[in-house]
Amino acid sequence: MGNSVIWKLLWSVFMANLELSSCADFFSDSSLIGKSRFQDDTPKFVKEPDDSYYIIRAKPAIVECQAINSVRINFRCAGEWMEPTHMENIVDQQTSTKILSAKVTVERADVEEYFGGVFWCECFAYNTHSGLDGVGGIQSKRGTIENAYLRRRFEREPLMTRTEVTKTTQLQCLPPEGKPLPQVFWLKDNVEINTKDGNYIVSNTGDLLISQTQLRDMGNYTCGAKNIAAKRTSMSAPLIVYVNGSWSSWSSWTECSVKCGKGETKRMRTCTNPAPLNGGALCLGDSVQTNPCGSICPVDGNWGAWSSWSTCSTECRHHRKRSCNDPPTQNGGSYCIGNDLDGGNCTGGMCRVRRLGIDDADRGLVGHDPSREATNTSSNNDTLIMIIGLCIAVVVFVIVIAIVVFLLKRKYQNQGYLAGNIPNLGNAGEKKNKNGQDMMSVQPDLTQQVVIFPHHSASPSPSVDPPNNNYPPVENIYDKPDVGLPLYAEHRLSNGSVPNRSSPELPPPNSPLAMNLAPPGVPNLDGRHSMASVQLPVNAETEAVTWGSFNHSGGRLVLPESGVCMTIPEGAVKKGHEAELYLGVWRDDTNRPKMSDGQTIVSPVIVCGPNLPGILMKPVILSFHHCASMRQGGWMLSLYHSDTQPEEPPCWQKSVTLGQETINTQVYAQLDPNQCHVMTEHMQWYTLIGEAVPGGRPVKILRLAAFATNTHPSVDFSIRVYVVEDTHDALEGVMQEERKFGGRLLEKPKQIPFQDGGHNLCLTIEELTPGWRSKLAANYQEIPFQHIWSGNQNNLHCSFSLELVEGSSPSVSCKIQVYQKAILSNRQVLNIQNNFSKEKLPSCSTPSSTLKGRTSTVTTNSSSGFSSMLTLDPHGNNFRLPSHIRQKLCLLLDQPNARGNDWRMLAQALTVDRYVQYFATKNSPTEHILNLWEARHREESAVTDLMNIFRVMGRMDAAAVMEKDIGAWL
């Protein structure tokens with residue numbers, strides 16, 4: 001009974017409180033919230049504690065929570081319940097929702113006295129006024145509270161740094177320990193650096209990176225760190241930007257120091273391009289070059305001593321003589337003045353006197369003897385006649401010598417043609433070859449370093465057939481193994497008229513290209529002759545040289561057999577002027593650079609010229625093959641040059657290492673998988689040299705070619721296996737060498753990789769035809785690694801000498817295995833099938849990355865109208881983009897824009913952005929990029945591909961410019 005009364009009493013109290021609370025809540029909540037009384041009233045947090053709070057010195061941390069549908073909020077911090085230090089109702093002005101806000105203050109002492117780890121706080125919200133803490137309410141997430149601080153000592157401070165201009169600079173900094181984690185900033189000369197500038201980057205660790213250091217970046221740099229507790233700065237460290245010195249161009253050679261005898265001439269250069277700055281390295285090499293000069297001094301003759309007197313003659317006369325030999329006349333000196341013969345009367349009783357003379361003497365009449373005076377007169381007359389006769393003989397001898405010299409000179413001039421003697425020209429005009437071509441090929445006299453060729457008239461005269469521009473395709477000798485090689489080249493000169501253009505102008509009559517120096521017997525077709533006064537080395541090979549005269553329109557010089565091309569852009573030659581340019585490949589071993597261990601030459605040695613200042617207004621593009629395998633990597637490639645004159649031996653210097661260009665780099669080298677394109681304004685010697693990067697093992701691609709004599713083997717048979725670089729020119733050099741011996745190709749040339757590392761190349765001959773064997777049992781040969789890797793030896797090969805031991809085999813067949821020692825994957829097999837029959841063997845492919853249009857005709861803007869093997873692309877156009885299209889594209893793309901789809905994106909799309917600063921320094925970056933595009937892309941789809949690149953870039957205006965005229969020129 002008592003228990004029931006107690007339960008009823010408690011229940012009535014509970015219901016009374018509930019009714020009062022409900023009424024209060026109804027009038028307070030429903031009027032503000034404007035919601036139904038019967039909607040969900042579960043508390044919900046509007047704001048929970050932050051993830052972390054920090055107590056700064058004596059300033060406590062304030063943890064705040066906000067909830068709706070709540071009438072009470074309390075806090076639990078580090079496991080202890082804490083009452084709010086402040087609580088209030090607020091109303092959201094937008095939703096008119098009542099929100100209960102509560103705050104609790106955490107002091108520094110509370111955090112320091114807690115040893116259970118990180119101090120934390122969380123909130124509980126309730127919809128009733130009474131109840132136990134943590135029961136019947138909702139719980140918020142926890143927030144941590146820590147004391148904020150920042151140490152004074154930096155973990156790592158910046159140090160003094162020296163860096164080369166345009167290089168990337170890294171200034172190290174590790175900020176001091178702190179909570180929260182400090183933010184790193186940098187000061188330059190006590191001014192904070194704006195990291196929004198793309199040249200400055202602050203790494204996650206706090207280091208400062210300067211992408212391209214300039215002289216203006218010199219100064220004192222300070223690392224700073226800050227958080228909500230404090231702000232610290234490190235000690236300042238200076239950044240020194242230095243500039244390495246670079247040579248200026250060579251001055252002209254001075255006059256010889258002596259007029260005769262041994263002297264010297266010199267030229268100088270200065271280390272001012274630029275000069276060393278801030279401790280930069282001085283220029284390497286000599287500032288002065290000297291060359292011996294002078295001529296042999298003439299020596300005037302001087303009389304020697306007189307000889308003894310001769311015996312007295314019947315006329316009582318004796319003679320003596322002397323010679324002009326003390327010293328004799330030398331080197332055009334003057335002869336001795338005076339007579340070499342002297343005579344006089346005998347004295348001292350030595351005269352044999354007749355009786356008549358004695359009687360006369362007795363009578364005092366000896367001095368007046370008439371007969372004696374007559375004898376003296378007769379002797380003088382004989383001497384005069386003898387002198388006159390000698391003079392006449394000398395004159396006749398000189399005339400005969402002059403005639404002989406003239407005839408010999410005329411004979412040698414007639415022999416100066418490339419394909420033989422001068423053809424006899426009758427009324428039918430010039431002599432034609434079997435295909436109706438003009439055979440007026442001339443052989444340059446390399447001893448005189450002058451190349452002479454005739455000129456075809458632009459308008460044919462009545463007595464001369466018009467020139468034939470329809471040249472047959474040039475036969476590809478690489479694709480025909482087992483064929484005898486001709487011992488001479490039939491074509492050297494070609495008509496260079498430009499299709500659908502006006503005839504090019506001839507050079508002025510007094511220019512070197514228009515001197516009237518045609519060989520005797522060659523008719524003057526239009527009263528003008530052309531001559532290329534090309535100063536070439538004495539060891540130049542005419543098959544590997546081409547030349548031409550170019551005007552403002554530009555053009556291309558191509559050596560298709562060597563895979564070498566020079567593109568002269570429009571505007572490279574000053575308007576109204578002409579430039580006589582030549583391009584050649586030098587295969588002589590003496591012209592190759594002397595390389596250190598580990599270096600190897602990976603391209604032909606190329607020379608272009610003349611090397612004259614101011615001859616070019618824009619860079620030309622040299623394109624040539626290389627044999628460096630870029631797939632495996634590991635290469636560090638450098639472009640070398642020599643600015644010596646062609647008649648001098650080259651003095652090689654490094655132009656640039658690819659990937660290490662600086663603002664002083666004067667050339668741009670674009671490296672493609674099989675070709676290299678060099679943009680340069682300097683007509684010099686060039687070649688590409690490679691070496692391994694630290695820890696790298698680069699691979700060089702070689703070509704194997706097997707040759708034998710073009711005769712039926714009787715008892716002996718020799719197979720020559722050449723190991724050369726995989727370039728057009730290296731294989732062409734082998735072909736020309738084999739022509740001299742009448743050799744023929746036994747198997748198509750094959751590639752083989754050759755890796756750096758010192759392993760030799762091994763060759764073995766196997767599966768010989770029965771009846772044949774290798775002499776001296778030499779079935780195995782090795783070529784030392786350094787002989788191949790250095791690349792200093794052209795036409796490197798080894799020979800297998802075979803002999804017939806029994807029977808009479810009409811054919812020789814075998815396999816030659818070629819592999820690199822210890823690298824089994826680098827292996828190749830040559831299948832030799834030499835039956836000397838008439839059946840044609842399968843044609844072999846040309847070396848990799850063949851230039852387009854090996855069999856097309858000549859198109860050039862050469863003003864002389866001629867060139868040596870100027871073979872261009874099949875389209876017959878020098879440039880894919882006409883001048884007016886190029887100008888419009890430059891106007892559109894040269895101006896930078898905010899989207900970045902200007903010339904910079906074009907360089908990126910064409911993959912020529914490795915050293916984009918080269919184009920940025922030009923007046924029109926787009927023009928130079930398009931010039932390089934013209935040299936790199938000679939395929940038929942090049943223009944269409946370029947138009948699609950513009951579309952991908954979002955430059956529909958540039959694509960529209962090309963599409964507008966597509967019907968006229970594409």
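Here's a quick briefing on the disulfides in this structure. Keep in mind that the model is predicted. Counting cysteine sulfur pairs within 2.5 Å, we get eight disulfides. Three of them are walked through below, followed by a word on two other cysteines.

**C77 and C121**
- C77 is bonded to C121, with an S to S distance of 2.0 Å.
- The torsion about their S-S bond is about 115°, so this disulfide is right-handed.
- C77 sits in strand β4 (residues 72-77) and C121 in strand β8 (residues 119-126), so the bond ties together parts that are 44 residues apart in sequence.
- C77 comes out as buried at 2% relative accessibility, and C121 is buried too, at 0%.

**C271 and C283**
- The sulfur atoms of C271 and C283 lie 2.0 Å apart and form a disulfide.
- With a torsion of about 80° about the S-S bond, the C271 and C283 disulfide is right-handed.
- Both cysteines are in the loop between β22 (263-268) and β23 (288-293), so the pair links parts that are twelve residues apart in sequence.
- C271 has a relative accessible area of 19%, which still counts as buried because the cut-off is under 20%.
- C283 is buried as well, at 14%.

**C324 and C336**
- C324 pairs up with C336, S to S 1.8 Å.
- Their S-S torsion is about 80°, so this disulfide is right-handed.
- C324 and C336 both lie in the loop between β24 (317-321) and β25 (341-345), so they tie together parts that are twelve residues apart in sequence.
- Both C324 and C336 are buried.

**Two other cysteines**
- C627 is buried, with 2% relative accessibility.
- C814 is buried at 3%.

Technical notes: Residues are numbered from 1 along each chain as its sequence is written. This is a predicted model: local features need pLDDT of at least 70, side-chain atom pairs count only at pLDDT 80 or more; totals for chains, interfaces and linings use all residues. Side-chain values use heavy atoms; hydrogens and water are left out. Helices (H or I, at least four residues) and strands (E, at least two) are DSSP runs, numbered from the N terminus. Buried means under 20% relative accessible area, exposed over 50%, partly exposed in between (1.4 Å probe, protein chains only).
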